Amino acid sequence: MIYPTQRAVWLVAAAAPVALAIGIVAPGAWVAALGWVVLMVVLVVVDALLAPPLGSARLSIATPAAIQVGETIDLAPRLEQGERVLPAAFAAEIAGPLEREGPRTSTRFRAVRRGRAVVEALWARHAGPMGLAWQQTRRPGGQAIAVMPDIRPVRDEGMRQYLNSQHTGLRMRRDSGDGQEFQVLTDFQPGMERRTIDWKASARHASLLAREYQTERDNAVVFAVDAGRAMSDPVGGVPRVDRAVSAALLAAFVALKSGDRVRLFSFAARPQVDSGTLSGTRGFARLHHAAADIDYGTDESNYTLSLVTLDGRLERRSLVVLFTEFTDPTSAELMLAAAQRMLKRHRLLFVLFRDAELEGIQDAEPQEADDVVRATVAHALLRERRIVIERLRRMGVDVIEAPAEAMALKLVERYLRHRERVA
């Protein structure tokens, strides 16, 4: 397709004041300005014909397979005809979690949230030798770019947490730990925990003896992320589901480094993402890619269907870490019923973010009558929330409720306690 350039438009527009001036001086000669317009139209057509046709030109872009949230990419388009690179102006349309930086013709995009972006179309404009006409071509896209969580804090903090959890080198002993499988009785040494002392054996042998247990490895840990409507709401300016994914990746990194097997599962109205069971530090890359596919849901979460589906896919007893949020008594009852069924085979750890907004409304000093009403409603909602949490704990479910900023480290600490059977 052929379009006039901005230069051609300005040259044609320049005929208007010239025609006005001629019309004032010689009213019968203003028609001469139309000749200038006709000349410019002819030059635009000639310029377009002199430009090389773009039908056989190759339009390409550089699209990475994956980027991280907050990262900026430049598609760096190229218009090539044979071995020659043609100077051109470019534009691109991308659907998904990428936001254009700059004007509409900019090809720089910034990843603003997780998800999968797709390049829908590309445009290229090449000007003729006189710069009066554009030849434009359009090419369909189709390239996909996975936008994944930023794992740099995960790697740094995860390695720190992993190293802090290790006891190797503190004392001379075999690979032992706080598991449930008894390994051997040994002399109690400084540095050992007093709870490991076997008092009956110590009395029999008149010597202080301690129990050592074989370190448990290859445990199964499932991180189940609720991606329904309630989890899409922000807490501290960031959607709950994004905070849940970041915390899950941190804990998964520590679990994989510790020798456990990890699975990432997400659901909303129905099951969505299932990474399968992974082991070894190389499995973290697959978890990272799977996390990019966890979408932001607008439907209510179906706990019954999703957790029954997850239970059917698990072949062994696992620690199921469930990131969720409930907003009304009905969804809470459905969640409790699904948790009761899961407890028959697995251990459950519920992860809930403290609702700082409701707490702020409840604790704020009222200035008018509406503030009292809002505080009363917030108090009632928080009371219902505490009741549900207490019911979960009485069922035997472990529950973490912490501020969003501290949740990742709280989860890692609780996972390590579960793994060592200290909780």
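Trainee: If buried means under 20% relative accessible area, exposed over 50% and partly exposed in between, using a 1.4 Å probe and protein chains only, which class does V112 fall into?

Mentor: V112 counts as partly exposed, because its relative accessibility is 38%. Keep in mind that this is a predicted model, in which local features need pLDDT of at least 70 and side-chain atom pairs count only at pLDDT 80 or more, while totals for chains, interfaces and linings use all residues. Residues are numbered from 1 along each chain as its sequence is written, and side-chain values use heavy atoms, with hydrogens and water left out.

Trainee: Where does V112 sit, and what does V112 touch?

Mentor: V112 is in the loop between β9 (108–111) and β10 (115–127), where strands (E, at least two residues) and helices (H or I, at least four) are DSSP runs numbered from the N terminus. Not counting residues up to four places away in sequence, V112 touches V69, P97 and E99, a contact being heavy atoms within 4.5 Å. V112 and L98 are also 6.0 Å apart, C-alpha to C-alpha, although 14 residues separate them in sequence.

Trainee: Stepping back, how many helices and strands are there, and what share of the residues is buried?

Mentor: The protein chain has 13 helices and 23 strands, and 43% of its 423 residues count as buried. Among contacts in the protein chain with a separation of 6 or more, 70% are between residues 24 or more positions apart.

Trainee: Okay, helix packing: at what angle do α1 and α3 meet?

Mentor: Helix α1 (residues 6–13) packs against helix α3 (residues 32–50) at about 165°, with the axes 9 Å apart; the axes are lines fitted to C-alpha atoms over the stretch in contact, and angles run from 0 to 180 degrees between N-to-C directions. The two helices, α1 and α3, are therefore roughly antiparallel, a label for angles over 145 degrees.

Trainee: Which residues make that contact?

Mentor: A8, L11 and V12 contribute from α1, and W36, V37, M40 and V44 from α3. By class, the contact of α1 with α3 comprises seven nonpolar residues, no polar and no charged ones.

Trainee: New topic, how many aromatic pairs are there?

Mentor: The structure holds three aromatic pairs, counted where ring centres of Phe, Tyr and Trp (its six-membered ring) lie within 6.5 Å. The F253 and F284 rings have centres 5.4 Å apart and planes at 85°, so this pair is edge-to-face, a term for planes over 60 degrees apart. The pair joins distant parts of the chain, since F253 is in helix α7 (residues 240–257) and F284 in helix α8 (residues 283–292), 31 residues apart. Elsewhere, ring pairs link F265, F267 and Y303 into a cluster.

Trainee: Are F253 and F284 buried or exposed?

Mentor: F253 counts as buried because its relative accessibility is 12%, and F284 counts as buried at 6%. Helix α7 also carries D242, which is buried with a relative accessible area of 14% and which, leaving aside neighbours within four places in sequence, is in contact with R114 and Y296.

Trainee: Last one, what is phi at A76 and at A206?

Mentor: Phi of A76 is near 45°, and phi of A206 is near 55°, both positive values in residues other than glycine. Most residues other than glycine have a negative phi.

Definitions and conventions: Angles under 35 degrees count as roughly parallel, over 145 as roughly antiparallel, 65 to 115 as roughly perpendicular and the rest as oblique. Ala, Val, Leu, Ile, Met, Phe, Trp, Tyr, Cys and Pro count as nonpolar, Asp, Glu, Lys and Arg as charged, and the others, Gly among them, as polar. Rings of Phe, Tyr and Trp (its six-membered ring) pair if their centres lie within 6.5 Å; planes under 30 degrees apart count as stacked, over 60 as edge-to-face and the rest as tilted.
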